[in-house]
Amino acid sequence: MPIDTANLEAAIRNSLNCTHIEIEDQSNGCGENYAILLVSEDFEGKSTLMRHRWINQLLKDEISQMHAFSQKTFTPKQYEIHLAKGVQG
Amino acid sequence: MLRTALRSSLFRPAVLGANRVFAARFLSQEARAQIQNAVSSSPVVLFMKGTPSHPECGFSRAAIQVLQLQEVPEEKLKTYNVLVDPELRSGIKEFSDWPTIPQLYVNGEFVGGCDILLSMHQSGELETFLENSNIIPKVEGEAVPVSASV
């Protein structure tokens with residue numbers, strides 16, 4: 001099954017309470033290179049490493065079919081700060 | 001049923017070859033020991049695609065650049081090019097339970113991949129971490145990283 005952004009978003013929303021999701025297909029259409037940005041209060045109290053491991057596990061099958069995968073994980077509070085700083089992507 | 005199947009396949013690795021999913025789950029003890037040696041072969045160990053002077057992937061390039069910006073001394077840094085070792089390439093992913101390359105280890109502990117390394121670098125956390133891990137010297141009386149300013 002080819003991976004598309006809708007599949008990815010569904011897989012994430014199934015297990016995670018997200019207030020904001022950005023999924024960027026950086027592959028020029030071949031579907032093998034994704035960057036995601038997730039904002040969820042479920043990340044509260046978890047280290048970045050724990051969050052990433054969680055997402056890696058959640059998207060295990062999808063990631064194994066990709067060439068590259070990149071993620072950013074924020075709590076709603078962290079995301080506000082991130083936006084306030086005006087940091088790109 | 002499943003358990004029986006798994007147990008029997010453990011002793012017949014050749015059968016596993018037919019199924020990559022299963023094959024990837026069982027790292028032989030020998031391979032595991034070799035990777036354990038590799039992750040503890042130096043205070044800082046980076047598993048990457050290519051070499052520091054010739055990275056062969058943007059993520060690996062970013063990771064090595066961050067370590068250079070942090071002035072991690074060469075004698076404390078060891079890198080492994082997974083592109084020249086297919087077994088290491090798949091083995092390290094299972095060993096760390098991490099699906100992507102590069103992967104950074106400091107003092108034998110898994111730190112993270114490229115995303116984590118970059119965000120730690122940007123927040124100033126990486127510098128503190130490397131100082132506390134005795135990788136780079138502590139700088140006294142100097143300005144702290146921006147994100148940690150009062």
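## Close-up views of a predicted two-chain model

View 1. Leaving aside neighbours within four places in sequence, Thr5(A) is in contact with Ile23(A) and Asp25(A). Thr5(A) belongs to helix 1 of chain A, which covers residues 5-15.

**View 2. The open sheet of chain A.** Here three strands of chain A line up in the order 1-2-3, in an open sheet with mixed pairing. Strand 1 (18-25) and strand 3 (68-74) of chain A are the edge strands, and each pairs on one side only. From one strand to the next, the twist averages 10°. Seven bridges link strand 1 of chain A to strand 2 (residues 33-40) of chain A, and this pair is antiparallel. To find your place in the pair, look for Glu24(A), which stands opposite Ala35(A) in strand 2 of chain A. Packed on the sheet is helix 4 (residues 76-85) of chain A, which touches strand 1, strand 2 and strand 3 of chain A. The direction of helix 4 of chain A makes about 105° with that of strand 3 of chain A.

**View 3. Chain B from end to end.** Starting at the N terminus, the elements of chain B follow the order α-α-α-α-β-β-β-α-β-α-β-β-α-α. Chain B has 150 residues, of which 29% count as buried. Among the contacts in chain B with a separation of 6 or more, 59% are between residues 24 or more positions apart.

**View 4. The open sheet of chain B.** Which order do the four strands of this open sheet take? In chain B they run 4-1-5-6, and the pairing is mixed. Strand 4 (77-81) and strand 6 (109-112) of chain B each have a single partner strand, so one side of each of these edge strands is left without a neighbour in the sheet. The twist averages 25° from one strand to the next.

View 5. Leu104(B) stands opposite Gly112(B), and Val106(B) stands opposite Glu109(B). Together, strand 5 and strand 6 of chain B form a hairpin with two residues between them. Asn107(B), in the turn, has a positive phi of about 50°.

**View 6. Two helices that cross within chain B.** Helix 7 (residues 114-123) of chain B meets helix 8 (residues 125-132) of chain B, and their axes come within 4 Å. The axes cross at roughly 95°, so helix 7 and helix 8 of chain B are roughly perpendicular to each other. Helix 7 of chain B brings Leu117(B), Met120(B), His121(B) and Ser123(B) to this contact, while helix 8 of chain B brings Glu125(B), Leu126(B) and Phe129(B). By type, the residues of this contact are four nonpolar, two polar and one charged.

**View 7. Where chain A and chain B touch.** How many residues does each chain give to the contact? Chain A gives eleven residues and chain B gives eight. On the chain B side, helix 7 of chain B gives the most, with three residues. The chain B side as a whole has four nonpolar residues, three polar and one charged.

**View 8. A helix pair across the two chains.** Helix 2 (residues 48-58) of chain A packs with helix 7 of chain B at an angle of about 155°, their axes 11 Å apart. This angle makes helix 2 of chain A roughly antiparallel to helix 7 of chain B. The crossing of the two helices is right-handed. Look for Thr48(A), Leu49(A) and His52(A) of helix 2 of chain A, which make the contact with Asp115(B), Ile116(B) and Ser119(B) of helix 7 of chain B. The residues of this helix contact are two nonpolar, three polar and one charged.

Terms used:
Residues are numbered from 1 along each chain as its sequence is written. Chains are lettered from A and ligands numbered from 1 in the order in which they are written. This is a predicted model: local features need pLDDT of at least 70, side-chain atom pairs count only at pLDDT 80 or more; totals for chains, interfaces and linings use all residues. Two residues are in contact if their C-beta atoms, placed from the backbone, lie within 7 Å. Ala, Val, Leu, Ile, Met, Phe, Trp, Tyr, Cys and Pro count as nonpolar, Asp, Glu, Lys and Arg as charged, and the others, Gly among them, as polar. Axes are lines fitted to C-alpha atoms, for helices over the stretch in contact, and angles run from 0 to 180 degrees between N-to-C directions. Angles under 35 degrees count as roughly parallel, over 145 as roughly antiparallel, 65 to 115 as roughly perpendicular and the rest as oblique. Two strands pair if DSSP finds at least two bridges between them. A crossing is left-handed if the near helix is turned anticlockwise from the far one by less than a right angle, and right-handed if clockwise. A residue is buried if 20 or more other C-beta atoms lie within 10 Å of its own, exposed if 12 or fewer, and partly exposed in between; C-beta atoms are placed from the backbone.
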